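Here are a few notes to read alongside the structure. Have a look at it, then work through the points.

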Amino acid sequence: MLLDETPLFEPSLLQELDWSSNTVSFSPPISPSSPGEGLVLRPLCTADFNRGFFKVLSQLTQTGDVTPEQFTKKFEHMKKTGDYYVVVVEDTHLGQIVATATLITEHKFIHSCAKRGRVEEVVVSDVCRGKQLGKLLVSALTLLSKKLNCYKITLECAPNNVAFYQKFGYTASHETYMQCRFSN
């Protein structure tokens with residue numbers, strides 16, 4: 001199984017974000033091109049399987065036992081659709097993923113066949129909290145959805161995280177989030 005550095009999406013999409021239109025302040029200043037000492041913000045690649053990607057995700061929710069083959073197959077599917085933007089922050093000193101978040105674009109018939117962005121799975125490793133990486137990820141994905149011409153971007157969050165997301169211009173919707181879970 002070949003786990004390599006091929007990015008899930010074109011890295012220039014992150015490098016070309018208009019950071020001047022970011023609505024959140026960072027102190028000290030950080031950005032997608034300069035996320036902090038020894039840190040790199042970039043698209044997910046299959047080699048991240050061995051860099052602790054699932055260790056970070058497991059701090060958010062149950063990940064299950066995923067093999068390199070399953071990971072690569074899902075990665076290739078996501079890359080082929082072109083609708084998945086999984087970003088990671090790598091600590092280059094440790095060679096480990098320390099944060100990740102996902103933007104998914106949904107294609108709609110409404111709003112003149114527009115796209116909607118959805119933020120999912122925002123998580124920062126407990127060893128890196130307090131370095132503004134969550135803010136960086138959400139800011140970057142919010143700006144990326146705008147760059148991709150989404151008519152809106154949404155996310156789901158726990159009530160105790162509402163104030164955090166409001167900093168980015170997110171507001172509570174009048175719609176009620178509902179779910180129907182299926183056991184595996």
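Which element gives the largest share of the lining of the second largest pocket?

1. That would be β5, with four residues. β5 covers 150-155, and strands here are DSSP runs of E with at least two residues, helices being runs of H or I with at least four, numbered from the N terminus. This is a predicted model, where local features need pLDDT of at least 70, side-chain atom pairs count only at pLDDT 80 or more, and totals for chains, interfaces and linings use all residues. Residues are numbered from 1 along each chain as its sequence is written, and side-chain values use heavy atoms, with hydrogens and water left out.

2. Staying with the second largest pocket, its lining splits into eight nonpolar, six polar and five charged residues. Nonpolar is Ala, Val, Leu, Ile, Met, Phe, Trp, Tyr, Cys and Pro; charged is Asp, Glu, Lys and Arg; polar is the others, Gly among them.

3. Asparagine 149 follows α5 and has a positive phi, near 65°.

4. Finally, threonine 105 sits in strand β3, residues 96-107. Threonine 105 counts as buried because its relative accessibility is 4%. Leaving aside residues up to four places away in sequence, threonine 105 touches Asp83, Tyr85, Lys115, Arg116, Leu148 and Cys150, where contact means heavy atoms within 4.5 Å.

Definitions and conventions
Buried means under 20% relative accessible area, exposed over 50%, partly exposed in between (1.4 Å probe, protein chains only).
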